[in-house]
Amino acid sequence: MQFDLIIVGGGLAGASLAVALRDSRLRIALVETRPPVRPAGWDARVYAVSPANVAFLESIGVWKHLDSQRISPIRAMQVYGDAGGQLEFSAFQAGVPDLGCILESSLMACELWEGLKRQANLSLFVPHRPAALEFSHEAAVLQLDDGQRLSAPLLVGADGRDSWVREAAGLSAVNRHYGEKGVVANFAVEKPHQNVAWQWFRGDGVLAWLPLPGNRISIVWSTPDMAADALCALSEDVLCEKVAEAGGNVLGKLSLLTPPAAFPLRLMRVPDMVAPRLALVGDAAHGIHPLSGHGINLGFQDVQVLAERLIGLNPWEDLGQLRLLQGYQRARREEIQLMQATTDLLRRLFANNAPLLRSARNAGLDLTNRLPIAKNVLVRYALGAI
């Protein structure tokens with residue numbers, strides 16, 4: 001079957017790319033093993049979506065359909081070091097409505113899929129797995145697990161960190177395993193969070209509290225493997241007490257809403273995001289430490305840049321030409337490398353407990369907090385660049 005574009009992976013990155021191309025002339029195939037489902041209650045996997053990417057989701061017609069009662073704006077952020085350092089960000093001081101929004105992964109995924117089901121220029125191959133991939137001078141040819149063969153001038157791998165497409169195409173990925181896991185869970189809180197996000201750099205890792213609608217929060221606690229496993233094994237009451245204590249009891253008593261889950265953390269660099277007739281987006285193209293909360297924002301920006309370049313092509317131009325794809329890679333490389341380097345540096349900086357370094361990093365937080373210009377630069381970058 002002949003298409004103009006094949007997308008492998010229907011997660012947030014792959015689905016948003018297809019939706020972003022809904023009004024284009026392109027005939028698109030999307031291959032996915034299973035569509036997303038909404039869990040009962042609250043999804044423990046949430047994302048901090050920057051204003052720039054809220055605007056992207058608005059531009060592709062998704063944001064307006066999301067349930068506003070499941071979205072919490074971030075009006076302020078408070079960051080604490082492990083020896084008294086503190087840094088505060090405020091949307092009011094920055095002159096913006098909010099610093100971003102917290103919402104469930106499945107909320108976005110399911111709404112994107114509602115759009116996919118109605119998309120006239122899209123063929124869904126679900127549930128299917130890729131089985132073989134080959135490239136010719138003119139096309140990428142993907143064979144599915146049932147023997148069907150799909151052909152297109154361009155194939156996009158959006159199939160996550162353990163990307164089958166990346167491996168099948170021979171693109172290398174350099175992984176650095178942190179020996180840590182991110183523990184996620186949702187809690188009801190005793191005191192109103194007032195749309196504030198908190199982050200603590202602690203001796204046992206990095207703890208983030210993210211505001212959810214109502215008196216609820218979602219946490220991500222990045223901590224060594226053994227400590228993460230121990231957290232997940234705690235009884236409900238003990239876990240609530242431990243998380244509340246780790247956050248200085250700023251929101252009073254916590255009550256567990258979703259059971260804790262842990263996922264391994266690693267830094268992943270992909271030297272080449274593109275090859276002839278192939279491009280990678282989202283987690284297939286990069287991986288960063290979750291302390292910044294910007295993983296999905298990088299993925300959405302990959303999609304936006306690639307979609308704009310594909311839409312801008314003339315009908316007679318080749319979608320899979322290496323020159324076009326290298327332009328996409330150049331446009332994204334600086335942003336990705338900067339975010340990877342920054343999060344990795346912060347993680348290593350606060351993981352080192354040398355007394356002089358500990359004093360210096362906390363002093364750095366305090367100094368930045370007293371420099372309005374520096375704080376404003378950081379806020380503006382986060383709002384507009386990612």
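This is a predicted model: local features need pLDDT of at least 70, side-chain atom pairs count only at pLDDT 80 or more; totals for chains, interfaces and linings use all residues.

Residues are numbered from 1 along each chain as its sequence is written, and side-chain values use heavy atoms, with hydrogens and water left out.

## Sheets

A quick word on names: helices (H or I, at least four residues) and strands (E, at least two) are DSSP runs, numbered from the N terminus. Two strands pair if DSSP finds at least two bridges between them.

Let's begin with an open sheet of 3 strands, in the order E9-E10-E11 with antiparallel pairing. Strand E9 (130-135) and strand E11 (149-152) sit at the edges with a single partner strand each, so one side of each has no neighbour in the sheet. From one strand to the next, the twist averages 20 degrees. (For angles like this, axes are lines fitted to C-alpha atoms, for helices over the stretch in contact, and the angles run from 0 to 180 degrees between N-to-C directions.) E9 and strand E10 (residues 140-144) run antiparallel and are joined by 5 bridges. You can find Pro-130 standing opposite Leu-144 in E10.

Another open sheet of 3 strands goes E3-E7-E4, again with antiparallel pairing. Here E3 and strand E4 (72-74) are at the edges, and each has a single partner strand, so one side of each is left without a neighbour in the sheet. The twist in this sheet averages 25 degrees from one strand to the next. E4 pairs with E7 in the antiparallel sense over 3 bridges, and Pro-73 has Cys-101 in E7 as its bridge partner.

Now look at strand E5 (residues 76-80). E5 pairs with strand E6 (residues 86-90) in the antiparallel sense over 5 bridges, and the bridge partner of Ala-76 in E6 is Ser-90. E5 is also joined by 5 bridges to strand E14 (residues 196-202), but these two run parallel. In that pairing, Val-79 stands opposite Gln-199 in E14.

Are the residues of helix H1 (residues 12-20) buried or exposed? Buried means under 20% relative accessible area, exposed over 50%, and partly exposed in between (1.4 Å probe, protein chains only). In H1, 9 of the 9 residues are buried, so the helix is largely enclosed by the rest of the structure. Among them are Leu-12, Gly-14, Leu-17 and Val-19.

Helix H4 (residues 105-117) has 13 residues and reaches 19 Å from its first C-alpha to its last, close to the 18 Å expected at 1.5 Å a residue. That expected span is 1.5 Å times one less than the number of residues. Of the 13 residues in H4, 10 are buried, so this helix too is largely enclosed by the rest of the structure. The buried ones include Met-108, Cys-110, Glu-111 and Trp-113.

## Salt bridges

A salt bridge here is a side-chain nitrogen of Lys or Arg within 4 Å of a carboxyl oxygen of Asp or Glu. The whole structure has 11 of them. Here are some:

| Pair | N to O distance |
|---|---|
| Asp-23 and Arg-22 | 4.0 Å |
| Arg-38 and Glu-104 | 3.4 Å |
| Arg-202 and Asp-204 | 2.8 Å |

Arg-38 is partly exposed at 33% relative accessible area, whereas Glu-104 is buried at 0%. Arg-38 and Glu-104 also belong to a network of salt bridges with Arg-70.

As for the other pairs, Asp-23 is exposed at 68% and Arg-22 is partly exposed at 31%. Arg-202, at 24%, is partly exposed, and Asp-204 is partly exposed at 27%.

## Before the opening strand

Which residues does Gln-2 touch, not counting residues up to four places away in sequence? Gln-2 touches Arg-27 and Ser-151, where contact means heavy atoms within 4.5 Å. You'll find Gln-2 in the segment before strand E1 (5-8), and Gln-2 is exposed, with a relative accessible area of 56%. Gln-2 and Ala-29 are 27 residues apart in sequence, and their C-alpha atoms are 9.2 Å apart in space.
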